[in-house]
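Visitor: Hi, could you walk me through this one? I'd like to go through some side-chain contacts and then the metal site.

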Amino acid sequence: MRTSRTHQPLTYDVRLPDEAQADALRLLDASRDVVNTALPIPWPHLDEFGRERVGPAWKQVGKYMGSPQYHGDRQWRCESETVGRILRQQAERKKAFELVQPILSDGFIRSKTEKRPAGKNRPAIKEAITTLQKSLEEDETSFVALQNVIEQACNFFFQQDRFPTSYEELQPLPLLKVGMLTYAGDDGSEKGQAYRLALDLEAGVARFRFRYPDEAAIWCWRKVDTIIPLPDRVKERCACGELIAPTLREEQRADGSRIAVLDFVIEVEKADLPAWENIERVLGADWGVHTLLTATTVDEHSEQVGRPFFLNTGGFDGRQARTRRQIDELKKKVAKGEEQRDALPPDDPKRLWFNQKLAVWRREIDRCWRKYEQRNRALAHLASNVLLLLCQMYGCSLLSMESLKTLKSTGRGRGVRGKWRNYRNNSTIRGEIWKLLRYKCHLIGLRFHTEQPRGTSHTCPHCGQPANTYRSPSDRKEAVKWGRWMSCENCHYNGDRDYCASVNIARLGVAYLLQMKQTGKARSCSIYDPRVKPVSYTGAGAVLLLPPTGNHPARNIRG
Ligand SMILES: [Zn+2]
C-alpha cells in the first residue's frame, strides 16, 4: 500500500452481490491455496522482509519463487503481494520477539497451586515490559506487539516447559485460514488483468469484474460487470479521494456460511496541520484508572477551559465480562462434550448427537466473540469521536494524549474481581482508540502528541508539587497508590485523580506547545520540569466536576 506524508488510505468493506458470491469464493479458495503453498518458500528469509519494506511486496517474494500454480501473471502478482504482506507483518513481530527474548524468564510463569492451574504472572510481565520500554525509543504501536509476543511465548512455555529459542519456533507458518486476495499486484482498475473496478458516482455504484476459476476450474473473466451499490460513506470519500487497488476477502459467519466482501481502499489527502503559532488550546486526555478516558482543556496561558469530561464504561465492562463468561462456559461444555464423545465406541450412534451439539456450541462461541469484538470497535469509535468533538467544542488544535505505554487498568483496587480481564479488554480498546485517533486527527487536521504518564497521577496540577492519592475524599488517613482522590498537602487542593492526571497531560502538552512557539523545536518535558506551569481554574464554582456517567457517588467538591 502506498503511504505518504500527504495521503492516507481508508478502507471500507462492501459485501459482493449474491450473483457474484459463488465465483468470488471459488477465486478466493484458489488463491488461498496458492498463498498457503507459496508461504513456506520465502519463510526462511523472514528477516529480509523486515529489512526491506519499500516497494511492492510481490517483487520481494519474486526473488525466491515463481507461482506454484500459474493462473496468469497478474493473478500471481496479487497472490504473491498477499504473501509478501503477511511476511512483512511477521517480520515486525519477529523484531518484537527479539526485543523480549532476553527478558523471558520463569518469573513470568505462576506455578500451579491446589486452587489454580499454572498461569501467567501478570505483575512480573507488566514490570518487565515497563522496564524494557524505558530503554527503548520505539514507536507506540510496539507496546501491543511486545505484550502480544510475551503472551504467545508464555503459552509456548505451558506446552513445552521452556521458552522458545527463536521466533520461528514460537510462530508456526502463518497460513491463511480464510481467503484473502489483494489486487495491489495488478496494474490498476483500468488496465487490470485480474480485475477491473470502475466507479459511477452519479449512479452511486461501482462496476466490478474479475477473473476467476469457473465450476470446471477453467480460469476466465466474468461475462458481466457486478454492480455494487456504494454506501454513502464510500461515495463521500470517493468524491474527494482516489480509489486504489481493493482487496477481496472472505468472511465466515456464525452459522458457518461464508461471504465474499470487497474492501474498497480510498486514498484521501490529509488535511493541513495547523501552524504551531496558531494553536491556543490543548486538550489533555488520560487513560483513567476509574474511567476509560478523562479529558480536560487548558489554554496556552495555563488556564483550564470548561469542565473536564469523563468517559465511563461501567455498564459496558459488565456486559463484556458477561459475554466472556458465556464464552468460557461454552468452551467448558465443548471440552466436556468432546471428552464424553471420545469415550464412546467408534460406531456408537450417540456420537452423531454429540457432534451436532458440539457444532451448535462452537457456532455460539463464534457468535459471542463477534458480539464482543463489535462492541469493542463501536466503543473505540465512540470514544475517539468524543475526543475530537471536545477538541472542536473547545477550539483545541492540539490533542495531548497519555502514551499507550502504560499498563494501568481501570477497576483497580480492592473489591474488584477479574481486573486482569478488564485490563486485557481495556488495552485492546485503548489500542484501537489510539489508532483511530491518530488517523482521524490526520484527516481533520489536528495535531496529535503523546506524553509519558509518569507522575501525572501524583502531581498537583495547581501547584506542581507531588501529591498523594486516597481511597475517597472522606477516607484520607492512608495514602493509596491507586486511590481515586488526589489531595495536595502543599496548596490544599484536592480533586478526582483521573481529572488531575488529564490536567497534567494537558500541562505537558502546553509546555510542548510553548517550546514550539518560542523556538520551533520541542521535547517532551517531565511533569516536574519548571517549564510545566501550574494550571489555574477560574470557572464559576471552582472545580465542579461533571458527575460521572456510571452509578458511582458524585465526585464534586467546592474549592
Ligand atoms: Zn498543590
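Visitor: Let's start with D73: is it buried or partly exposed?

Guide: D73 is partly exposed, at a relative accessible area of 33%. Buried means under 20% relative accessible area, exposed over 50%, and partly exposed in between (1.4 Å probe, protein chains only). Keep in mind that this is a predicted model, where local features need pLDDT of at least 70 and side-chain atom pairs count only at pLDDT 80 or more, while totals for chains, interfaces and linings use all residues. Residues are numbered from 1 along each chain as its sequence is written, and side-chain values use heavy atoms, with hydrogens and water left out.

Visitor: Thanks! Which residue forms a salt bridge with D73?

Guide: That's R77, with the closest N and O atoms 3.9 Å apart. A salt bridge here is a side-chain nitrogen of Lys or Arg within 4 Å of a carboxyl oxygen of Asp or Glu. Both residues sit in helix 4, 4 residues apart, or about one turn of the helix. R77 counts as buried, at 17% relative accessibility.

Visitor: And which residues are joined into one network?

Guide: Salt bridges with shared partners link E19, D23, R26, E215 and R222.

Visitor: How many salt bridges are there?

Guide: The count is 31. One of them pairs D29 with R258, at 2.9 Å from N to O. D29 belongs to helix 1 (residues 18–38) and R258 to strand 10 (residues 258–269), so this pair ties together parts 229 residues apart in sequence. Helices (H or I, at least four residues) and strands (E, at least two) are DSSP runs, numbered from the N terminus.

Visitor: What about D47 and K94?

Guide: Their side chains meet in a salt bridge too, at 3.0 Å from N to O. D47 is partly exposed at 38% relative accessibility, whereas K94 is buried at 8%.

Visitor: Switching topic: which residues are the protein donors of the zinc ion?

Guide: C460, C463, C488 and C491, each through SG, lying 2.2 to 2.3 Å from the zinc ion. Donors are N, O and S atoms within 2.8 Å of the metal (3.2 Å for Na, K and Ca); water is not among the atoms, so sites may look incomplete.

Visitor: What geometry does the site have?

Guide: The zinc site is tetrahedral, with angles of 105 to 116 degrees among its 4 donor atoms. Four donors count as tetrahedral if all angles lie between 85 and 135 degrees.

Visitor: How are the donor residues spaced in sequence?

Guide: The pattern is C-x2-C-x24-C-x2-C.

Methods
Four donors count as tetrahedral if all angles lie between 85 and 135 degrees; four count as square planar and six as octahedral if opposite donors are over 155 degrees apart and all others between 65 and 115; anything else is irregular.
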